[in-house]
Amino acid sequence: MIKSILCIGAGYVGGPTMAVVAKHCPDIRVVVADINAERVSAWQSGVPPIYEPGLAEVLRASLGKNLHFSADVDGAIASAEMIFVSVNTPTKTFGQGAGRAPDLQYWERTARSILQHARGDTIVVEKSTLPVRTAEAMERIFRSAGGRSRFEVLSNPEFLAEGSAIADLEHPDRVLIGGATTPSGQAAIQQLVEIYTRWVPRDRILTSNVWSSELSKLAANAFLAQRVSSINAISAICERTGADVVEVAKAIGADRRIGPHFLRAGVGFGGSCFQKDILNLVYLCETSGLPEVARYWETVVQMNEYQKQRFVRRMVGAMFDTLAHKRIAVFGVAFKANTGDTRESPALQVCRELLAEHAQVCVTDPQAIASARRDLGEAVSGLSFESDPYAAARGAHAIALLTEWAEYAELDYERIYAGMEKPAFLFDGRNHLDAERLYRIGFNVYSIGHPDRSRL
Ligand code: UDX
Ligand code: UDX
């Protein structure tokens, strides 16, 4: 039985995952180590450095008992029997495969630290999304030392979505564990299965070979993103033809073979995973001599780019072909509701394009302003931030709703309308608001996948 677990990387994946593991395994000592000391001290204080509903409660229940955070990664390696690796693997910005391939430098550095500091036999569990066959590379690094410790490498991709991370971890659709087919590989799989069976029904725990597991993670994200791009492509047709994308999504989603989820048309998908993982898949195909397959998946990202550009083009077109010096209130900059995360958020690109049109952009968001400030810059001409949506909309020519925060549907739009320049425009990038009602108030309303509701 495993008695001590270490997770390297205390980010959006490592922190919540280990809080839930610690909750269900009070007899196991769980340490989460990260090179970022500031992040570590936030976790240690019981106030997570990320916004995730329900996380603080789960964290505090085990913190200081069997859950600990540390900035001493090397020291923590020495006393762990099982090590999860959850460090970030961003898209490479330099050299071979720039813009596509994953940057594996943090991951390899972590593998080398494990090699150097592990004291006994260790099970290494890949949590970071990695291109297929990376576990093999990791194993080669471990073998190259020929040292005292033996290592088994497992792939255990995380499928949690931000904003619902705790519920996803508590009740996963499935847990996937890939390992070697050797007896020692199977024994390592069994050790990890025993941890998950504390709270996950056994029939939801799938085991496979390592490469199937790694590829499944890339494929799952590619399929999900593909559904979003597919419905977004349909939304463009709706806007031209008078069909309503919400009605179309409901009609096609009622077919059990298609299913109702992930058919919300919007301003485009964001988040740290979708684009990165599809580009990983594209790169994998290219380097495996499969250019046709690479092109197929690449179109999912291209459609996403098109959707963001189309949104801004529609704004410019509706507002008499000029946004210069017009105040535009951006409602929501997080890549989805219930998170403070702005990584790859479509709202960032929309803001940048609006600024390029010389608009006066005022960004509001319940959780993501600090992150958006870092991404967009502090002292950018024409850009401001405002925590109160009423203040953001005051004196504005237009509102662009880009994140579907529940509170944005509850605002007093009569009051907002009264304080805006006329004609007042509302661009709903998430089909989140009651467009008919807003139109009756006086707004000219442009919702994704709907014909214009305009008096102009
Ligand atoms: C990360 C990966 O990006 C994703 O591909 C994978 O599926 C899960 O892990 P996330 O948790 O969202 O996702 O990343 P992030 O919030 O950036 O956290 C990574 C953490 O690793 C950071 O806190 C960083 O400081 C830490 N890290 C990075 C290390 O501790 N050591 C390193 O060498 C590099
Ligand atoms: C995703 C996967 O869902 C998760 O399994 C994986 O572990 C990490 O990547 P995440 O990025 O946190 O999770 O959020 P998700 O809910 O999948 O949303 C991703 C993006 O797609 C968001 O920008 C969201 O707004 C967008 N989206 C999602 C749509 O535009 N329409 C939809 O119908 C669903």
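Helices are DSSP runs (H or I, at least four residues), numbered from the N terminus. Axes are lines fitted to C-alpha atoms, for helices over the stretch in contact, and angles run from 0 to 180 degrees between N-to-C directions.

This is a predicted model, in which local features need pLDDT of at least 70, side-chain atom pairs count only at pLDDT 80 or more, and totals for chains, interfaces and linings use all residues. Residues are numbered from 1 along each chain as its sequence is written, and side-chain values use heavy atoms, with hydrogens and water left out.

**View 1. Helices α1 and α3 cross.** Helix α1 spans residues 14-24, and helix α3 spans residues 55-62. Their axes come within 9 Å and cross at roughly 50°. The crossing of α1 and α3 is left-handed: the near helix is turned anticlockwise from the far one by less than a right angle.

**View 2. The shell around ligand 2.** Ligand 2 is surrounded by 19 residues, each with a heavy atom within 4 Å. F159, E162, R264, K336 and R430 are the closest. Helix α9 (residues 210-241) gives the largest share of the shell, 4 residues. By type, the shell holds 11 nonpolar, 2 polar and 6 charged residues.

**View 3. Polar contacts of ligand 2.** These are pairs of N or O atoms within 3.5 Å. A backbone N or O atom of F159 lies 2.7 Å from an oxygen atom of ligand 2. For K217, a polar side-chain atom lies 2.9 Å from a ligand 2 oxygen atom. The protein buries 94% of the 660 Å² that ligand 2 exposes when taken alone (Shrake-Rupley method, 1.4 Å probe).

Technical notes
Chains lettered and ligands numbered in written order. Polar contact = N/O pair within 3.5 Å; in protein donor to acceptor, adjacent residues only side chain to side chain. Helix = DSSP H or I, 4+ residues; strand = E, 2+ residues; numbered from the N terminus. Nonpolar A, V, L, I, M, F, W, Y, C, P; charged D, E, K, R; others polar.
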